[in-house]
Amino acid sequence: MIRLLLLVAAALQVSHGFSPSILALPRTRLAPLRAADGGSGDAESSAATTATSLEEKMKSWEASDEEIRAATLGGVVPGTSIGGGGERTDAFDVGLYIAFPFMVISCLAFVFFPLLVGNIDVTSVGPPPTS
């Protein structure tokens, strides 16, 4: 235990884990928000303009369809059909459809095995070898 603590302390010392630049917190003060018209505006209207400006910012962050196709390999976007309508089932989905029953059955067998172990006949097997 002591060796582990010494190892951690040595790693922190080597990596400058206790350097003053890491431990010092920035001392900044936040100024209160004020309306652009000098504070005479209505609180609801300023909240509405803030919400709409936030929505506009979020829309500008989203990639367009052309940008998404340019960023993918070969222009194929997962989960979209080539014609643009409906959902497309790819090989990953088919694999999950096939594996799901096996996963559920094995999970149920694992959960209920302690209840079934008493019903297994092991008298004909005999004791394990000792040598």
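Visitor: Is Leu108 buried, partly exposed or exposed?
Guide: Leu108 counts as partly exposed because its relative accessibility is 44%; buried means under 20% relative accessible area, exposed over 50%, and partly exposed in between (1.4 Å probe, protein chains only). This is a predicted model, in which local features need pLDDT of at least 70, side-chain atom pairs count only at pLDDT 80 or more, and totals for chains, interfaces and linings use all residues. Residues are numbered from 1 along each chain as its sequence is written, and side-chain values use heavy atoms, without hydrogens and water.

Visitor: Where does Leu108 lie?
Guide: Leu108 is in helix H5, residues 91-116. Helices (H or I, at least four residues) and strands (E, at least two) are DSSP runs, numbered from the N terminus.

Visitor: Why does the span of H5 agree with its length?
Guide: At 1.5 Å a residue, the 26 residues of H5 should span 38 Å, and its end C-alpha atoms are 37 Å apart, which agrees. The expected span is 1.5 Å times one less than the number of residues.

Visitor: At which residue does H5 bend?
Guide: H5 bends by about 35 degrees at Phe110, and Pro114 follows within four residues. The bend is the angle between axes fitted to the seven residues ending at a residue and the seven starting there.

Visitor: And how many helices and strands are there?
Guide: The protein has five helices and zero strands.
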